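Please examine the structure shown below with some care. The paragraphs that follow move through a few of its regions in turn.

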Amino acid sequence: DKIKRGHLELSIWDFAGQQEYYNSHHYFLQHRSIFLILWKMNEPKESNKGLAGISFWLKSLSNHLQSIESNENENQKGKSYSIIVVGTHLDDKNVKKDQQSIQEREKEIKRIAKESGIKIPIEIKEISCVKMVEKMRELEETIYKQALEHDYMGEKVPLTYLEVEKVIQELLEKKVVSQDIPVVDVDEIVSETNKKITVSKELVQRSIKLLSEWGKCLYFDQSESLSNLVILDPRFLTQDILAQLFNINEEIKQYVKNGIIEHKNLKNIWNKFANKSNFDLLSKKLIEMMENLEVCFVLEDKKKEFNEQRSLVPSLLFDECPSIESLFKSNSGSIVEIQKNLKFNEIPQEMVSRLFVRLHSNMGEKFIWKNAIYFEKQEDLKCLLIVDKQYMKIKIRGEVENICLGMADEIIDQIKQV
């Protein structure tokens, strides 16, 4: 009845399943959402497309949504997001449809969810896109029902926020006409809004944050380096920038060899903008954005000409970490060695990449692999950090124990912030 009387608007985002795109997922995992995790019931249980595959997604949601749960208002008794696990291919002849089999599948999914750290109740549905149309209707109704149970439903939105939404749309339309990238400073939105109504910067920022949660734009208010930027069209970041950077197409991959991008080749990666007269300026701005998003970092001295520089994307580096014990030796006879092991429910690859991007600015000589990093803070203070399944292993060697412990604490603080 509620649905018939009102208007429910949903923005649908399809998360790419290929590993190359995992690095961008965390930018879109937020509350005010319903997450549908699909698995093929006609695949073997241990298959990544079968039941075993849902574990990755549930752990990913658990990791990224924990901060949301801890930051929610204590007075709010409802929930701000939902998870629905959907089994497909119900009509396949190899899928058992008796009640006992259905219950066994549900029990296994709930077990995986619990082990993955999911604390909220999840919905479980089984559907077919060919037959049993009523199952699809049940899923549709479940989506509506879950959305209407979210604690933000029915909240009143100030008219000021809607004015800011209009300004963002107008700015986007101008960018499309001029074929410019759809990214602006918050100050520009403040200026344009004040031509219509009088607003403070703080009010505009709150408005943009809500609009970002609605999927109207992208705004990373928690990031100091990004908090003054607004991406007017979320598809720009996903389709035009990140998807090209992590493209599995061989034509693109040849320009991102072993995680290293030569800036002179950016025209071949972001070829949609290659013919623009201001591409050099544009590509510089995009690399800066990628640095701020902790996707990559510039290797060379930034005093060099931009096209002579290279950037490193940690998530695209080699998997194998060679023996570096020869590097990990102290030049002094007096050696202190400490090791700390941190255990996680799951360590997403993008978390590792972002950590390495953060750490690199405070390093001296360094060696980086996809899941390991070695660096020297100074001549006799060396660190090796290895990611091994659920563990981050920090090993530090130096001459003074307190200095080694202090360095370990610095790294752990960076890990917590990621």
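In this predicted model, Phe-273 counts as buried because its relative accessibility is 8%. A pair of aromatic rings is described by the distance of the centres and the angle of the planes. For Phe-236 and Phe-273 these values are 6.1 Å and 65°, and the pair is edge-to-face. Where do the two residues lie? Phe-236 belongs to helix α9 (residues 234-245), whereas Phe-273 is in the loop between α11 (266-269) and α12 (279-292), so the pair ties together parts that are 37 residues apart in sequence.

How many aromatic pairs are there? The count comes to five. One of them joins Phe-367 and Trp-369: the ring centres are 6.5 Å apart and the planes meet at 20°, so this pair is stacked. The angle settles the matter, because planes under 30 degrees apart count as stacked. Phe-367 is partly exposed, with a relative accessibility of 29%, while Trp-369 is buried, with a relative accessible area of 10%. Together with Tyr-374, Phe-367 and Trp-369 form one aromatic cluster.

An aromatic ring may also be considered together with a charge. The ring of Tyr-152 has the charged end of Arg-32 over it, at 4.5 Å from the ring centre. Another arginine, Arg-354, is found in helix α13 (residues 349-360). Arg-354 counts as buried, because its relative accessibility is 12% and buried means under 20%. Leaving aside residues up to four places away in sequence, Arg-354 touches His-26, Glu-294 and Val-418.

Helix α6 may now be considered as a whole. Which residues of α6 are buried? They are Thr-160, Tyr-161, Val-164, Val-167, Ile-168, Leu-171, Leu-172 and Lys-175. When one looks down the axis of α6, these buried residues fall within an arc of 140°, so they line one face of the helix. Among the elements that cover the buried residues of α6 are β4 (183-185), α7 (186-194) and α8 (201-213). On the other side of α6, the residues Leu-159, Val-176 and Val-177 are exposed. Just after this helix, Gln-179 takes a positive phi of about 55°.

The cysteines remain to be discussed. A disulfide is a covalent bond between the sulfur atoms of two cysteines. How many disulfides does a search of the whole structure find? The search finds zero. Cys-383 is in no disulfide, and the cysteine sulfur nearest to its own, that of Cys-404, is 9.8 Å away. Cys-404 is likewise in no disulfide, and its nearest cysteine sulfur is that of Cys-383. For comparison, a disulfide requires the two sulfur atoms to lie within 2.5 Å. Cys-383 counts as buried because its relative accessibility is 0%. Cys-404 is buried as well, because its relative accessibility is 0%.

How values were computed:
Residues are numbered from 1 along each chain as its sequence is written. This is a predicted model: local features need pLDDT of at least 70, side-chain atom pairs count only at pLDDT 80 or more; totals for chains, interfaces and linings use all residues. Side-chain values use heavy atoms; hydrogens and water are left out. Buried means under 20% relative accessible area, exposed over 50%, partly exposed in between (1.4 Å probe, protein chains only). Helices (H or I, at least four residues) and strands (E, at least two) are DSSP runs, numbered from the N terminus. The arc is that of the directions from the helix axis to the C-beta atoms. Contact means heavy atoms within 4.5 Å. Rings of Phe, Tyr and Trp (its six-membered ring) pair if their centres lie within 6.5 Å; planes under 30 degrees apart count as stacked, over 60 as edge-to-face and the rest as tilted. A charge sits over a ring if NZ of Lys or CZ of Arg is within 6 Å of the ring centre and within 35 degrees of the ring normal.
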